[in-house]
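Reader: Pick a feature, tell me how to read it, then show me the case in this model.

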Amino acid sequence: MRKRSFVLLFLGLCAVAAAFFRTLLLPVPQSGAQPELMGTLAPTATPEPLPAPTPEPTEAPFSALAPTTAMSFAELVGDNGNYDAPAGYPSPDTYRVVVDIAHQVVILYTRDGEGEYTVPVRYMLCSTGLGDRTPTGVFRMKRYRVRFGLFQNDKTYGQYWTLIQGRIYFHSTLYEERDANTYIGETYDLLGTKASHGCIRVPVPDARFIYYNLGHGTEVEIREGDPNDAELAAIRAQLVLPERPEAHVTLLPGQIPDTDNWRIADVPQELPYEEGSQKEQR
């Protein structure tokens, strides 16, 4: 019995001694250091967010540059009933105008980032003068404008006259009286061909845009153009207006649609309105 107790005591002392010596063999951590944990993974770096893709610029539909192609006949020849003179105009360097006789197209440009007039703003179908009655060259828009005036040579009327040079104007198609209800349908049908006495006829909404937006001093280039210019030919091919209705359309002032993409109230007034004169040459 005593022998068994002695063996158990001896085994217990051996276990205590073994535990003591194991503690002596463990590494002592440095002051302030945290003991290393077995199996701990290194933290994963948060990935940098990818930059948002830059959207590709979308090309404006043709109708945004040629709004008359989406208009009704009534809007293209009618009268909005507003006879007030312009309150003012944008600066004369806002736009540059090119009239291309070969394609019977008027193009308004504004400046690009380099200051060059390369950005189209509006395309217009036109009728220039028969033969060589429309002069070519570079001109500056004059002050003189007529809202709904009489042409003395043939006693017809036109809306929105804007003087270019001498007796050459931008203006609308023609009327028998100072009344849009008396529209002369043939002058509408002939848009896109030479047909005038020298002036440049355009649909009423285009004539209105010129009347209010092209300040005196704006540069206008009238050129013969190149019939083989593929770019202009492509523009001309898309400048298609609705056919004139066979039956006469009743057009009352102020009772026509207005779907154009600008408003008179939004036109900058950087240049004061001046009445001017038909004899003006400066």
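Reader: Let's take helix 5: which strands does it lie across?

Author: Helices (DSSP H or I, at least four residues) and strands (DSSP E, at least two) are runs numbered from the N terminus. Here, helix 5 (residues 204-213) lies across strand 3 (105-111) and strand 4, and makes an angle of about 140° with strand 4. Axes are lines fitted to C-alpha atoms, for helices over the stretch in contact, and angles run from 0 to 180 degrees between N-to-C directions. Contact itself is heavy atoms within 4.5 Å.

Reader: And which strands does helix 6 touch?

Author: Helix 6 (residues 230-238) packs on the sheet against strand 2 (96-100), strand 3, strand 4 and strand 11, and points at about 115° to strand 3. One caution: this is a predicted model, where local features need pLDDT of at least 70 and side-chain atom pairs count only at pLDDT 80 or more, though totals for chains, interfaces and linings use all residues. Numbering starts from 1 along each chain as its sequence is written, and side-chain values use heavy atoms, with hydrogens and water left out.

Reader: What is the strand order of that sheet?

Author: Strands of a sheet pair through backbone hydrogen bonds, parallel or antiparallel. The working rule is at least two DSSP bridges between two strands. In this case you get an open five-stranded sheet, ordered 4-3-2-11-5, with mixed pairing. Strand 4 (117-125) and strand 5 (137-140) are the edges, each pairing on one side only. From one strand to the next, the twist averages 25°.

Reader: How many bridges join strand 3 to strand 4?

Author: Seven, and the two run antiparallel. One to look up is Ile107, whose bridge partner in strand 4 is Tyr123. The two strands form a hairpin with five residues between them, and Gly115 in the turn has a positive phi of about 85°.

Reader: Which residue has a positive phi although it is not a glycine?

Author: Most residues other than glycine have a negative phi. Gln104 is one that doesn't, with phi of about 55°. Gln104 sits in the loop between strand 2 and strand 3. It counts as buried because its relative accessibility is 3%; the cut-offs, with a 1.4 Å probe and protein chains only, are under 20% for buried, over 50% for exposed and partly exposed in between.

Lys155 also has a positive phi, about 60°, and is in the loop between strand 6 and strand 7 (156-165). At 48% relative accessibility, Lys155 counts as partly exposed.

Reader: Last one: what is the volume of the largest pocket?

Author: About 380 Å³. Of its 20 lining residues, Phe151, Gln152, Asn153, Trp161 and Gln278 are the closest to the centre. A pocket is an open set of points on a 1 Å grid over the protein atoms alone, where a 1.4 Å probe fits, with protein on both sides within 12 Å along at least five of seven lines; lining residues have an atom within 4 Å of a point. Points are joined across faces, edges and corners, and the volume is the space filled by probe spheres set on them.

Reader: Which element gives the most to the lining?

Author: Strand 6, with four residues. The elements giving two or more are strand 6 (145-151) and strand 8 (168-171).
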